[in-house]
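User: I'm new to reading protein models and would like to go through one step by step. Can we start with how the helices pack and then look at a few side chains?

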Amino acid sequence: MSEKEVKNMEEIFEARIARDEKIEPKDWMPEKYRKTHIRQISQHAHSEVVGMLPEGNWITRAPSLRRKAALLAKVQDEAGHGLYLYSATETLGISREELYDQLHSGKAKYSSIFNYPSITWADIGAIGWLVDGAAIINQVALCGTSFGPYARAMVRICKEESFHQRQGYEIMLTLCNGTPEQKEMAQDALNRWWWPSLMMFGPRDEDSPHTAQSMKWKLKRKTNDELRQQFVDQTVPQADILGITIPDPDMTYNPETGHYEFGEIDWDEFWQVVKGHGPCNKERMEARVGAWERGSWVREAAMSYAEKQEKKKIAKAS
């Protein structure tokens, strides 16, 4: 394709984006658009899969059968979300094996929030309330993203994440209405998960190398800072209902703007975790790589069976 033809295709593509048309896998797209989507959707898929680990840690230790069943269902949902998103990424011309290899080698990133430990049962409540609450704010906006398979996957994912957020908040509400020790445990979980939850939205807009292009191509509908502010405004009143305190002495409500103003995030900690130096980075990757290696016999058996069935099909046809 000549340079003139490429430029013409780019103009047609940009016009479609401006009209809010969905871009489908077989449509022409700039190579940078394709690569950007592979990075973003695969990072989302990796986050869903790695995100199973801190919660899966509590399935056998949940305080009741009801809690165990609900948590098990939630972890299964996260696995399903990962599969939807890996499938959406594959439509862009990359294999599932490549995606897994990028995760296991450390080339691909996942949400930094999952590199923190889940120490008590209250952490499961905080993860549902805060982490899934932050995820919903991010993901509802993605239902309108310009790439069709990603947008459609997000519709179901958002419905299930909404249940996860309510489940987490209900755990926190139960603890806060329980004994003083249980309420203290809920406060401790909030203290440890609040700031990492704010970091989930990514770096400040001025420090984000991808935000401007993502907004232009409508991969994102709101910037990192806009989404973070929305999360704070939504969550502070919920903490008031629980009767626990946001661990930010600078948190104040500004009646003129209608927003809560909050303290400075520890960006040094954020970048340390992103670069692989968080409390659980090594543990998370060891768990994922170990699961992949232990499951090799299942993949090999499935491939062998598929090959035998294909040979039988060919033999029968001939």
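User: At what angle do helix H6 and helix H10 pack?

Analyst: Keep in mind that this is a predicted model. H6 covers residues 121-142 and H10 covers residues 224-242. Their axes lie 10 Å apart, and the packing angle is about 145°.

User: Which hand does the crossing of H6 and H10 have?

Analyst: Let's see who takes part before naming the hand. H6 passes H10 in a crossing that is right-handed. On the H6 side the contact includes Trp129, Leu130 and Ile137, while H10 brings residues including Leu227, Phe231 and Leu242. Sorted by type, the contact has eight nonpolar residues, six polar ones and no charged ones, and the hand asked for is right-handed.

User: Is lysine 74 buried or exposed?

Analyst: Lysine 74 sits in helix H4, which spans residues 65-90. Its relative accessible area is 1%. Buried means under 20%, so with its 1% lysine 74 counts as buried.

User: Which side chain does lysine 74 join in a polar contact of 2.6 Å?

Analyst: The residues that lysine 74 touches include Glu55, His164, Gln167 and Asp132. The polar contact of 2.6 Å runs between side chains, and the partner of lysine 74 is aspartate 132.

User: How many disulfides are there?

Analyst: A disulfide needs two cysteine sulfur atoms within 2.5 Å. For cysteine 158, the nearest cysteine sulfur belongs to cysteine 143 and is 3.8 Å away, so cysteine 158 is in no disulfide. The count of disulfides comes to zero.

Methods. Residues numbered from 1 in each chain as written. Predicted model: local features only at pLDDT ≥ 70, side-chain atom pairs only at ≥ 80, totals over all residues. Heavy atoms only, no water. Axes fitted to C-alpha atoms, helices over the stretch in contact; angles between N-to-C directions. Helix = DSSP H or I, 4+ residues; strand = E, 2+ residues; numbered from the N terminus. Left-handed = near helix turned anticlockwise from the far one by under 90°. Contact = heavy atoms within 4.5 Å. Nonpolar A, V, L, I, M, F, W, Y, C, P; charged D, E, K, R; others polar. Buried < 20%, exposed > 50% of the residue type's maximum accessible area, 1.4 Å probe, protein only. Polar contact = N/O pair within 3.5 Å; in protein donor to acceptor, adjacent residues only side chain to side chain. Lists of a residue's contacts leave out its neighbours within four places in sequence.
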